[in-house]
Amino acid sequence: MSSSAENEGSPILETFGVKWPDFNGGLTYADTVKPNTSGCTLISFYSTKHSTSAPFQGWLQRIQNGQITIDGQIETNPDTILREGSELVYHRIPWKEPDAPYLLDVLYEDNHLVALNKPSGLQVLPGGLFQQRTVLTQLQWRGGKSGDQEPHPVPVHRLGRGTSGILLCAKSKLAKTRLSAYFADGTAVVREKNTNAERNGRKISKFYMALATGVIDKDEVVISQPIGAVRYAGVAKGLYMASSSGKPALSKVKVLERDVQRNRSLVQVEIQSGRPHQIRIHLSFIGHPLAGDPLYASGGVPISFDSEPVDDSHEKDGGYQRPMRPLPGDCGYFLHAHQLVLLHPTTNEVIQITAPLPYMLQSQEEACKVKQTQ
């Protein structure tokens, strides 16, 4: 594929993916007993240090099931006293992960990077119940299948599980370092289509398409509401939401089409920062949450934010029961990383990549064109 910015079609170069097995291979988590935890009991160690993984009774069950070893030996006594330097390993039993798509389209690829079209419902990196059914796993399997001795590509940014579209992955150490720096610096329009683009703007721009609830009056809206994290049941590191004490965030919203009958607006959003769930939070902050978003309500806050009592019950594997309230990874909204413009990390060429739009995010004009070609 040409790296020219004029090539806006971004034809699909390859589709790859392996069907998920019914059960994953389980996981192991290793710990070393430090001086400050020497002398405590096995149950105290796990229920304190890893309290976000399981409640007390859950860890007790895991120990009694023989899922924890000390220096290679299974230990089922929760009151065993730990000694400094001992190696602890928790063996998480295999489980059936929730359904997720597995096919990925390649939109651009060279020796340093690959751009994928991620489907909605597929997680980028391991986390929570999704440890195997991720983009990263498919990249690993693809690399193993090709017989490459080089390390497999790795994503350099994230998209929400329910978000579809362009995901950029690095294939070389140099590309990973530079692309990560691009995203860390934020995003802005690359103004000049030449190797001097860097001096006039930042090195990467991201444009999303989204379906928002309500009819947005203004043609363009700039949202600069800070975003921060607060404690939220079921989210170990906290939930991101609109917060005056949060980190700066900037989104530029352009209304492309208004559907008065369905009370919706089709919008393009350019983000100049990369806060978690930024578009979902910013559009809900101005009173236009994404259509189908199960989590965020008007004002940029979660729909259900009342205090939830701590539930000490646990799943069969000992982990916490899934909270009844919505979580960030829940799908149902319509958000697509549609276009990416970046300075190539090694050649300094300006590359423009476009991911085909899902039907729900096509304008009426585009939808008509698609029907005419079918």
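**View 1. Leu116 is a buried residue of strand E7**. With a relative accessibility of 0%, Leu116 counts as buried, a term that means under 20% relative accessible area, whereas exposed means over 50% and partly exposed lies in between (1.4 Å probe, protein chains only). The model shown is predicted: local features need pLDDT of at least 70, side-chain atom pairs count only at pLDDT 80 or more, and totals for chains, interfaces and linings use all residues. Residues are numbered from 1 along each chain as its sequence is written, and side-chain values use heavy atoms, with hydrogens and water left out. Leu116 belongs to strand E7 (residues 113-118); helices (H or I, at least four residues) and strands (E, at least two) are DSSP runs, numbered from the N terminus. Not counting residues up to four places away in sequence, the residues that Leu116 touches include Phe16, Leu104, Val135, Leu139 and Cys169, where contact means heavy atoms within 4.5 Å. Between the C-alpha atoms of Leu116 and Leu168 the separation is 6.5 Å, although these residues are 52 residues apart along the chain.

**View 2. The largest nonpolar core contains 54 residues**. A nonpolar core is a set of buried Ala, Val, Leu, Ile, Met, Phe, Trp, Tyr and Cys residues joined through side-chain atoms within 4.5 Å. Leu116, Leu168 and Leu179 have the most contacts inside the largest core. Strand E18 (residues 335-343) supplies the largest share of this core, six residues. A second, separate core has 14 residues, among them Val33, Trp59, Ile68 and Leu82.

**View 3. Strands E18 and E19 run antiparallel**. Five bridges join the two strands; strands pair if DSSP finds at least two bridges between them. Gln352 in E19 is the bridge partner of Val341. Six residues lie between the strands of this hairpin, in which Asn348 takes a positive phi near 65 degrees. Because five of the five residues of E19 (residues 350-354) are buried, this strand is largely enclosed by the rest of the structure. Val350, Gln352 and Thr354 point one way from E19, while Ile351 and Ile353 point the other way.

**View 4. Helix H1 has five named buried residues: Leu42, Ile43, Phe45, Tyr46 and Ser47**. The helix spans residues 42-49. The cover over its buried residues includes strand E2 (27-32), helix H2 (56-64), strand E3 (68-70) and strand E5 (87-92).

**View 5. Salt bridges that share partners join Glu14, Glu109, Arg142 and Lys171 into one network**. A salt bridge is a side-chain nitrogen of Lys or Arg within 4 Å of a carboxyl oxygen of Asp or Glu. The side chains of Arg142 and Glu109 meet at 3.0 Å, N to O. This pair links distant parts of the chain, with Arg142 in helix H3 (residues 135-146) and Glu109 in strand E6 (residues 104-109). Glu109 also meets Lys171 in a salt bridge, at 2.9 Å, N to O. Lys171 lies in the loop between strand E9 (164-170) and helix H4 (173-184), 62 residues apart from Glu109. Arg142 counts as buried at 17% relative accessibility, whereas Glu109 is partly exposed at 25%.

**View 6. Arg280 and Asp293 form a salt bridge**. Their side chains meet at 2.9 Å, N to O. Arg280 lies in helix H6 (residues 278-285) and Asp293 in the loop between H6 and strand E16 (296-297), so the pair ties together parts that are 13 residues apart in sequence. Both Arg280 and Asp293 are buried.
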